[in-house]
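This report goes through a metal site and some aromatic rings. Have the sequence and the model open while reading.

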Amino acid sequence: MIDKIPIIFSKYYDIGLGGTEEVHPVDAKRYGKIYYYLIKNAGINEHSFYSPEKVTDEDLLSVHTRKYLSSLKNSETIARIAEFKILASIPNEILQNKLLKSVRYAAGGTIMGSRLALEYGWAINLSGGYHHAKSNSGGGFCFFADIPIAVYKLFKKNPVLSVMIIDLDAHQGNGYASIFKDDERIHILDVYNEQIYPNDFEARKYIEFNYPVSSYIKDAEYIHLIDREIPIAIERSKPGIIVYISGSDIYENDALGCMGISEEGIIRRDEIVFRNAVENKIPIVMVLGGGYTEECAIITGKSIVNILKNVIIF
Ligand SMILES: [Zn+2]
């Protein structure tokens with residue numbers, strides 16, 4: 001019997017659309033690259049990973065409106081959410097079977113990760129973090145609000161669970177913020193580039209620990225900010241679980257994030273978040289969020305290896 005490790009991957013995570021995905025800014029093969037990086041460089045046996053089920057319609061309906069879910073049967077809606085016009089001309093059945101299937105597994109991975117985090121103390125879903133999806137709309141490549149879906153499932157078992165979302169993706173996490181609104185069980189810490197998408201000022205009202213930063217912020221200022229503020233936010237919120245969106249689109253070469261953080265800075269950032277969780281004995285589930293350059297997959301792989309070696313000591 002091979003020991004399991006609470007890292008979640010599905011062979012369905014990567015998106016294949018007959019080559020059209022190659023011209024989209026999203027690296028459609030990012031998830032598989034990280035998975036193989038971990039097998040090669042962390043010595044994790046492929047059977048040690050957890051594999052999720054697809055999110056069910058019932059779980060999707062716990063957060064999304066029926067009208068929104070039906071709208072995804074139109075390829076034009078999918079093209080708009082993916083910000084990728086070519087998709088509008090692809091038969092919806094193909095988009096359902098390729099693109100949305102992958103997202104359904106990713107959301108299932110976040111559900112599984114939040115459960116495993118409570119069991120192991122930590123978990124990493126090698127996908128997920130669709131933080132722009134709202135109950136009645138998608139946007140910015142985000143179709144399903146995986147984090148609210150997972151959190152509401154946790155609430156079913158423990159209605160008074162305190163949840164902290166630490167969102168360090170380059171973009172403001174407006175989807176889950178608008179879904180949770182003033183839910184007092186949810187504590188949101190968001191550090192984001194305020195000069196890029198989504199500029200959602202309505203959703204910003206729901207960020208408890210709000211840190212908009214300027215484009216091309218460098219390592220020293222960024223690391224100083226999160227190193228100082230995360231412990232304060234944790235102390236005030238006293239969460240029973242942390243959901244961490246570790247977007248690697250803060251990387252200096254990422255065209256969409258427009259931030260200036262180096263590879264070392266990203267690895268340091270993820271370590272700070274994990275240290276704060278582990279040292280305070282707070283379960284943490286990490287999801288990937290954005291990351292739009294070729295290098296992002298390897299950086300995330302290196303960062304997870306660093307967490308395993310230096311923080312979790314698995
Ligand atoms: Zn992002």
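## Zinc site and aromatic rings

The donor residues of the zinc ion follow the sequence spacing D-x1-H-x77-D. The protein donors are Asp169 (OD), His171 (ND1) and Asp249 (OD), at 1.9 to 2.1 Å from the zinc ion. Donors here are N, O and S atoms within 2.8 Å of the metal (3.2 Å for Na, K and Ca); water is not among the atoms, so sites may look incomplete. Both aspartate 169 and histidine 171 are buried, where buried means under 20% relative accessible area, exposed over 50%, and partly exposed in between (1.4 Å probe, protein chains only).

This is a predicted model, in which local features need pLDDT of at least 70 and side-chain atom pairs count only at pLDDT 80 or more, while totals for chains, interfaces and linings use all residues. Residues are numbered from 1 along each chain as its sequence is written, and side-chain values use heavy atoms, with hydrogens and water left out.

The whole structure holds 10 aromatic pairs. Rings of Phe, Tyr and Trp (its six-membered ring) pair if their centres lie within 6.5 Å; planes under 30 degrees apart count as stacked, over 60 as edge-to-face and the rest as tilted. Two of the pairs are tabulated.

| Pair | Centre distance | Plane angle | Class |
|---|---|---|---|
| Phenylalanine 9 and tyrosine 13 | 5.5 Å | 75° | edge-to-face |
| Tyrosine 152 and phenylalanine 180 | 5.5 Å | 55° | tilted |

Tyrosine 152 is partly exposed because its relative accessibility is 24%; phenylalanine 180, at 3%, counts as buried. Phe9 and Tyr13 also belong to a cluster linked by ring pairs, with Tyr31, Tyr35, Tyr36 and Phe49.
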